[in-house]
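Dear colleague,

Please find below the structure that I am handing over to you. I would be grateful if you would look through it alongside the notes that accompany it.

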Amino acid sequence: MSTQEITTETAVEMITITIDGFEVSVPKGTLVIRAAEKLGIQIPRFCDHPLLDPVGACRQCLVEIEVNGRKFPKPQASCTIPVEPGMIVNTQLTSAVADKAQQGVMELLLINHPLDCPVCDKGGECPLQNQAMSNGREESRFEGTKRTFEKPINISSQVLLDRERCILCARCTRFSEQIAGDPFITLNERGALQQVGIYEKEPFESYFSGNTVQICPVGALTGASYRFRARPFDLISTPSACEHCASGCDMRTDVRRGKTLRRLAGDDAAVNEEWNCDKGRWAFKYVNAKDRITTPLIRDESGQLREASWPEALALAAKGLKENRSAVLVGGRATLEDAYGYSKFARIALNTNDIDFRSRVTSKEEKNFLASHVVGTQINYKDLDRADHVLLLGFEAEEESPIVFLRLYKQVKKRELKITAVAPFASRGNKKLKAELVSTPAGNEASAISKISNLSNKSVILIGERLSESTGAISAAVALAANSGAKLAWIPRRAGERGALEAGALSNLLPGARPVSDNAARVDLQAAWGVSSLPSNPGLDSDEIIKEVEKGNIGALLVGGVDPLDISPDYQAIMEKAFIVSLEIRQSAVTQIADVVLPVAAVVEKSGTFINWESRARYFEAAVPDSLTRSDVRILSMLADEMESSINLPTVSSARDEFNSLGTWHKRESFTPVSVESTKIANGKANLCSWRLLLDSGSMQDGENNLAGTAHPSVAIISKSRADSLGVSNGDQIKISTPRGEIALACQIDSIDEESVWVPRNSINSKVIESLGITSGEVSVVRA
Amino acid sequence: MPLTDSDNLVMDSIINRYPRSRSAIMPLLHFAQSKDGYVTPESIEVIAKKLNLESAEVSAVATFYTQYKRGPVGEYHVGVCTNTLCAIMGGDEIFESLKEHLGVENNGVTQDGKVSIEHIECNAACDYAPVVMANWEFYDNQSVESAKDLVDSMRQGNPIAPTRGPDKLPTWKENSALLAGINDGLANQGVSAGEPTLLGLKIAQSGNKKLTPELTKSYDQKDSFTLDGYRRNGGYKAIEKALNMSPDEVIQAVKDSGLRGRGGAGFPTGMKWGFIPQGDNKEHYFVVNADESEPGTCKDTPLMLANPHVLIEGIIIGSYAIRAKHAFIYIRGEVAHVIRRVQQAIEDAYKAGLLGKNILGKGFDLDLVLHVGAGAYICGEETALLDSLEGFRGQPRLRPPFPAIAGLYARPTVVNNVESVASVPAIINNGAQWFASLGTEKSKGFTLYSLSGHVKNPGQFEAPLGITLRELIDMAGGMRNGNKLKFWTPGGSSTPIFTDEHLDIPLDYEGVAAAGSMLGTKALQIFDETTSVVRAVLRWTEFYKHESCGKCTPCREGTWWLVQILKDLDAGKGEQADLEKLLDLCDNIAGRSFCALADGAASPIISSIKYFREEYLEHLRIGGSPFNPAASSLLTSDGVRV
Ligand SMILES: Cc1cc2nc3c(=O)[nH]c(=O)nc-3n(C[C@H](O)[C@H](O)[C@H](O)COP(=O)(O)O)c2cc1C
Ligand code: SF4
Ligand code: SF4
Ligand code: SF4
Ligand code: FES
Ligand code: FES
């Protein structure tokens with residue numbers, strides 16, 4: 001069926017046409033080329049792409065068309081013509097004219113093509129190569145001089161362009177302009193010299209650039225990392241899910257001999273359509289990092305980690321956890337099944353509710369909000385498609401959930417969807433969305449939100465995980481939703497947070513949205529788990545857990561995939577006091593201080609499920625099939641056995657089945673609003689604001705320098721008046737400091753709220769938590 | 001481009017001319033050239049910033065148009081027309097000898113920075129062939145000698161004045177400012193029209209009843225292009241009448257007159273106006289196509305030079321009829337003096353209350369903006385024109401939607417040729433019936449025929465539709481030297497050629513179509529027996545290759561290939577089968593491409609093989625051209641005009 005937007009709500013008018021003698025009924029507005037697909041008739045094409053506006057440029061798809069007995073005098077481009085009642089179409093299969101026209105176009109496309117298929121990355125999966133075989137002449141009659149260009153040029157550190165291979169279908173340029181809003185690559189020059197290119201000084205640094213590589217119908221655009229690495233027939237492809245963010249992209253992972261060579265965007269019309277972001281596409285080398293842990297490690301008498309056997313390591317871990325009051329910290333990157341494993345392990349093996357998946361700056365207000373308004377609810381991309389107004393709170397869509405951004409951008413382009421953002425300045429992404437800015441210094445979101453009055457029950461409020469950093473802001477958003485009838489959605493950054501929430505890896509929640517405080521819910525779960533009791537006192541959050549470790553009340557920690565530096569620069573030192581069992585794929589700040597380290601599988605090596613912000617589950621199989629590493633849940637199950645309090649989750653699928661069988665509890669915790677406290681900044685000081693950029697120093701982007709090369713530069717954003725008072729201009733270095741430390745960056749003057757200064761949270765030369773110890777609040781800014 | 005405050009103000013005022021800022025890209029690029037001489041990377045960045053675009057978007061536009069230069073050009077930039085007609089009449093010799101004389105190649109600049117040289121395509125002055133342009137001013141009827149004198153005078157700092165232009169040749173930068181829409185006040189200098197432009201008028205004045213000068217009737221008056229001159233000849237009477245009619249009555253009158261578009265396709269003008277949806281609460285736009293670049297076509301350019309106000313009057317009437325409050329003239333950028341005249345006429349019309357708010361006190365508002373192109377034939381195609389006017393690369397748009405529904409800025413828009421619009425005041429003044437009584441049954445009224453090439457006296461002839469070439473050649477004093485007519489284009493190079501068999505077909509839409517070609521723009525390029533048709537066709541094909549916008553495969557790649565084959569054939573290389581290959585390729589290009597440019601590219605090839613297959617074969621037999629180019633040139637062997 002046509003992927004052209006066709007609303008299913010209003011009854012669609014169906015139109016019947018005849019193609020090559022067969023009748024087919026399709027919705028009004030369907031293009032002939034897609035009506036033919038429905039009959040299994042493949043009309044050759046290059047420029048056509050179902051998600052891009054038709055251009056009719058390549059002319060490969062010519063067919064003969066007759067409407068009500070009147071024949072078009074010339075063959076028509078079937079990718080540009082919508083069906084009409086009484087239309088009769090003859091494709092290359094039944095029309096000699098169409099067949100000759102197609103062969104003619106193909107011959108012309110090839111005259112200037114280098115035909116270097118044997119050395120081309122696209123060879124074997126190239127629409128030009130394939131269609132030249134199926135719809136081209138056997139021999140070219142061209143004997144002249146071919147157009148030549150300098151062989152591939154880097155249009156970014158990640159994308160190469162070979163102009164000789166380009167067939168000028170304009171898919172890449174249309175994608176960049178229409179879908180990503182980043183017209184950094186354009187068609188240049190004219191006629192036979194027309195060519196794709198960038199402006200000489202501005203590389204193709206779009207977060208979505210990889211999609212152009214994927215939709216280029218020839219080998220003109222290639223990713224630097226995949227170039228010459230493999231031929232398609234050497235690869236084993238597995239449908240997978242992206243582990244990088246909560247957008248929830250469908251992906252395909254291509255592996256050769258146990259090594260991931262590339263990842264492509266999968267096709268899920270409801271989620272990522274056919275797109276993804278460059279992080280999801282290219283950040284996968286971390287799996288093969290040198291510091292990958294492959295065997296269990298234990299700390300010996302000398303304080304050094306040494307390799308150990310599984311039985312030895314498990315025994316030591318079990319002993320440590322048993323002998324101490326223990327708590328669980330599980331990062332936001334776990335799969336649903338693994339998170340469920342941690343959740344069940346905490347309750348059964350450790351008899352505690354001291355578990356938190358939020359390894360970031362959090363609040364009790366957020367925890368209460370998650371348990372009352374988020375867990376067990378559903379909201380969809382479709383709701384964005386239908387919204388009359390979308391409010392962004394503590395959320396930078398392009399940086400923090402790129403596919404949400406693309407969806408919003410699509411609606412902005414299509415129907416001028418109104419978007420409002422509460423932030424200290426309009427980021428590039430929000431400018432593209434033409435978002436109305438409610439300019440707000442960090443910490444003052446609550447009062448800004450409470451003043452918003454133009455939402456309706458068709459509006460959607462998107463709450464980013466950072467909103468929890470501003471006291472009272474979530475409460476204000478909850479009130480706004482209640483008053484306006486707008487839908488609320490929470491969009492965490494990490495891919496595993498929503499799943500972990502549903503799995504109950506939180507101190508106030510048991511799996512399946514069961515409040516810890518709800519006796520009936522607990523009893524229900526006891527029955528399901530076959531245990532006689534479950535801990536009933538509310539557990540501690542991550543911050544409280546660390547405090548109790550510091551006080552010596554908690555003596556052991558089970559930690560899975562957490563970086564303490566995401567929360568506080570002090571935490572690593574404090575955690576060191578506890579006995580630590582760390583489940584990790586690579587050496588980290590936690591393995592440095594751990595007593596037992598148990599290696600676990602990376603996403604491509606295991607099966608599992610990610611639940612995205614919509615609450616949509618995407619299940620995936622291992623892409624690297626015979627990896628020796630195991631998913632966290634299997635190891636937790638062994639550990640629990642070792643502790644003689646079995647959680648009985650020997651496989652990923654048993655964990656998933658068990659979780660699914662629990663269902664969703666019907667009652668939620670109630671929400672207690674937190675009163676507003678506005679942040680006051682002393683005279684002469686500035687108010688820090690920061691968020692993470694999509695491409696930054698995150699450890700899962702390690703090992704991919706080509707990708708890192710397209711990251712946006714680290715700059716500090718200040719207002720014109722601050723620049724004037726500091727006596728700096730664009731590009732001058734400034735220093736941002738707290739008593740704890742400082743960050744020095746080049747400044748960029750923008751129309752940011754006067755009080756604020758913005759820096760990227762985790763980029764080169766800008767490690768906010770590590771250097772400043774805070775993510776928002778008072779800082780000094782001086783000229784460097 | 002380091003910007004002064006006043007530069008900033010100028011740029012802002014350029015942006016303010018347009019309903020949407022992006023439309024200002026082209027004039028801003030011209031303005032950048034007036035500062036730096038060419039488009040520097042800095043100016044691309046400045047413009048991008050001003051317009052809130054990515055630099056890539058601006059450079060994509062800048063590289064599409066040939067008038068935007070990537071590096072320095074001379075203080076005087078000389079363009080030698082080497083499109084078919086000028087080339088054959090002597091342009092090739094002029095270009096070759098100038099290169100040698102200056103010691104530079106195509107696009108080269110002399111070391112003193114004074115002169116640069118480039119071969120250019122048809123500059124809408126074919127009746128003045130061979131033509132040389134300097135800083136886009138006309139130097140008509142050139143010879144090798146006169147062209148050398150011209151460049152010498154430039155290097156001495158005292159350039160010879162243009163033939164039809166200001167008293168003194170402005171510099172490249174000065175004229176770039178003019179192209180950016182900055183009036184230099186020189187519009188009143190220079191002649192109204194040159195001799196060829198006046199030829200038909202003079203013949204009519206001497207009593208020839210076959211000609212009906214209406215648009216051209218005042219061309220011979222010294223001030224025909226001024227507001228006073230136009231008024232003296234009865235100008236701006238039609239708008240008084242029109243504004244007292246209802247818009248629908250005006251449309252009806254134009255329908256009744258039978259006026260058909262003069263831009264090439266001959267679509268009924270009144271019907272086009274009637275397609276504009278009414279009461280839709282959207283802005284409507286009226287756009288005049290003054291891009292005149294079809295080889296051979298040279299009627300709108302002299303009209304705007306000698307009589308710009310008749311166009312403005314037509315625009316006011318047309319805009320009123322379709323309820324447009326905003327009109328644009330998209331003029332090609334290579335005709336500086338015409339731009340000056342039209343710009344001045346617009347300013348004078350504003351001052352006289354004929355444009356702007358509440359025109360003639362009738363409550364009708366209209367703003368008219370002159371938009372200057374930058375060298376791209378395809379921008380004459382109406383949808384490419386609209387994209388160009390919106391500040392994009394001038395590539396044709398998908399249709400439907402047609403401009404009448406979604407044209408400029410996706411609003412209902414009429415695009416009409418200069419001559420079509422200029423014909424409207426006379427229709428309103430004299431009545432639809434008067435107009436309809438002229439011409440033939442389905443091709444009504446009078447029109448401009450442009451005769452160029454190997455006739456004794458080339459020039460413009462305004463006559464009722466249906467006149468024959470035999471009659472026109474007769475008025476032009478016959479073929480030069482009494483030579484035999486060999487082939488001719490009825491309506492520009494995109495229309496299949498005719499031969500001497502076709503001398504008596506009526507030159508109206510139906511007559512020409514019945515004989516297998518198209519009336520097109522009535523650009524009658526005449527070639528006599530001394531001309532190699534293969535050379536002529538090769539040159540035209542090179543033109544289409546150069547002007548292909550690049551959007552679609554058959555045209556972009558096809559013209560690239562066609563040129564290679566034709567070059568071989570012209571050099572006598574190849575075999576008979578190559579002619580079949582050529583025809584087969586044309587079959588794969590024409591009617592398979594995105595727009596009509598490619599159909600035009602195939603026309604000369606298909607029609608020339610139809611009539612002159614033997615001549616192609618003769619080239620192959622003797623391994624070269626059987627023709628002596630000197631014989632078809634107007635220049636003698638020492639480069640002087642005969
Ligand atoms: C390649 C190409 C070039 C054209 N150039 C011109 C031109 O320079 N001037 C013009 O008036 N029409 C030109 N046309 C025709 C226009 O597309 C359009 O039909 C015309 O401006 C309509 O005006 P009319 O109805 O008054 O003739 C061109 C068409 C094509 C395909
Ligand atoms: S680079 Fe690829 S996608 Fe872009 S125009 Fe060329 S062939 Fe099409
Ligand atoms: S948008 Fe998110 S889920 Fe999609 S590819 Fe990018 S990081 Fe992965
Ligand atoms: S035929 Fe195609 S390439 Fe040629 S000018 Fe038209 S759109 Fe451009
Ligand atoms: S696929 Fe239809 S024109 Fe390119
Ligand atoms: S002006 Fe030279 S060919 Fe027309």
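The notes below take up confidence, helices, ligand surroundings, single residues and backbone features in turn.

**Confidence**

Please bear in mind that this is a predicted model. The predictor assigns the complex an ipTM of 0.96 and a pTM of 0.96. For chain B the average pLDDT is 97, and 100% of its residues score at least 70.

Helix α1 of chain B covers residues 5-16 and has 12 residues. From its first C-alpha to its last it reaches 16 Å, close to the 16 Å expected at 1.5 Å a residue. Its buried residues are Asp7(B), Met11(B), Ile14(B) and Ile15(B). Viewed down the axis of α1(B), the buried residues fall within an arc of 100°, so they line one face of the helix. Asp5(B), Leu9(B) and Asn16(B), on the other side of α1(B), are exposed. The cover over the buried residues of α1(B) includes α2 (25-36) and α3 (41-51) of chain B.

Helix α15 of chain A, residues 473-484, also has its end-to-end reach given: 16 Å from first C-alpha to last, close to the 16 Å expected for its 12 residues at 1.5 Å a residue. Here 9 of the 12 residues are buried, so α15(A) is largely enclosed by the rest of the structure. Among the buried residues are Ala473(A), Ile474(A), Val478(A), Leu480(A) and Ser484(A). The buried residues of α15(A) pack against α9 (364-374), β19 (389-393), α14 (445-450), β22 (460-464) and β23 (487-491), which belong to chain A. Gly485(A) follows α15(A) and has a positive phi, near 80°.

Helix α14 of chain B runs over residues 308-322. Its 15 residues should span 21 Å at 1.5 Å a residue, and its end C-alpha atoms are 21 Å apart, which agrees. In α14(B), 15 of the 15 residues are buried, so this helix is largely enclosed by the rest of the structure. Just after α14(B) comes Arg323(B), with a positive phi of about 60°.

**Ligand surroundings**

Ligand 3 is surrounded by residues of chain A, including Cys242(A), Cys245(A), Cys249(A) and Cys277(A). His244(A), Asn276(A), Pro402(A) and Ile403(A) are also among the residues around ligand 3. The shell around ligand 3 comprises 6 nonpolar, 5 polar and no charged residues.

Around ligand 4 there are 13 residues, of which Ser548(B), Cys549(B), Cys552(B), Cys555(B) and Cys595(B) come nearest. The shell of ligand 4 divides into 9 nonpolar, 3 polar and 1 charged.

Asn430(A) is placed in helix α13 (residues 428-432) of chain A. With a relative accessibility of 3%, Asn430(A) counts as buried. Neighbours within four places in sequence aside, Asn430(A) is in contact with Leu392(A), Glu396(A), Ala421(A) and Ala435(A).

Thr738(A) belongs to strand β33 (residues 733-738) of chain A. Its relative accessibility is 12%, so Thr738(A) counts as buried, the limit being under 20%. Not counting residues up to four places away in sequence, Thr738(A) touches Ser771(A), Leu772(A), Ile774(A), Glu778(A) and Val779(A).

Val415(B) is found in strand β9 (residues 413-417) of chain B, and at 5% relative accessibility Val415(B) counts as buried. Apart from neighbours within four places in sequence, Val415(B) is in contact with Lys272(B), Val287(B), Asn289(B), Glu382(B) and Leu386(B). Val415(B) and Thr531(B) are 116 residues apart in sequence, and their C-alpha atoms are 37 Å apart in space.

**Backbone features in loops**

The peptide bond from Ala129(B) to Pro130(B) is cis, with omega near -5°. Pro130(B) sits in the loop between β2 (115-120) and β3 (132-134) of chain B. Pro400(B) and Pro401(B) are joined by a cis peptide bond, with omega about 0°. The loop that holds Pro401(B) lies between α16 (382-389) and α17 (403-406) of chain B.

Ala513(A) is not a glycine, yet it has a positive phi of about 65°. Ala513(A) lies in the loop between β24 (509-510) and β25 (514-515) of chain A, and at 0% relative accessibility Ala513(A) counts as buried. Lys522(B), also not a glycine, has a positive phi of about 60°. Lys522(B) is in the loop between α22 (509-514) and β14 (523-528) of chain B. With 0% relative accessibility, Lys522(B) counts as buried.

Yours sincerely

Notes:
Residues numbered from 1 in each chain as written. Chains lettered and ligands numbered in written order. Predicted model: local features only at pLDDT ≥ 70, side-chain atom pairs only at ≥ 80, totals over all residues. Heavy atoms only, no water. Helix = DSSP H or I, 4+ residues; strand = E, 2+ residues; numbered from the N terminus. Expected span 1.5 Å × (residues − 1). Buried < 20%, exposed > 50% of the residue type's maximum accessible area, 1.4 Å probe, protein only. Arc of directions from axis to C-beta. Contact = heavy atoms within 4.5 Å. Near = heavy atom within 4 Å. Nonpolar A, V, L, I, M, F, W, Y, C, P; charged D, E, K, R; others polar. pLDDT = per-residue confidence, 0-100.
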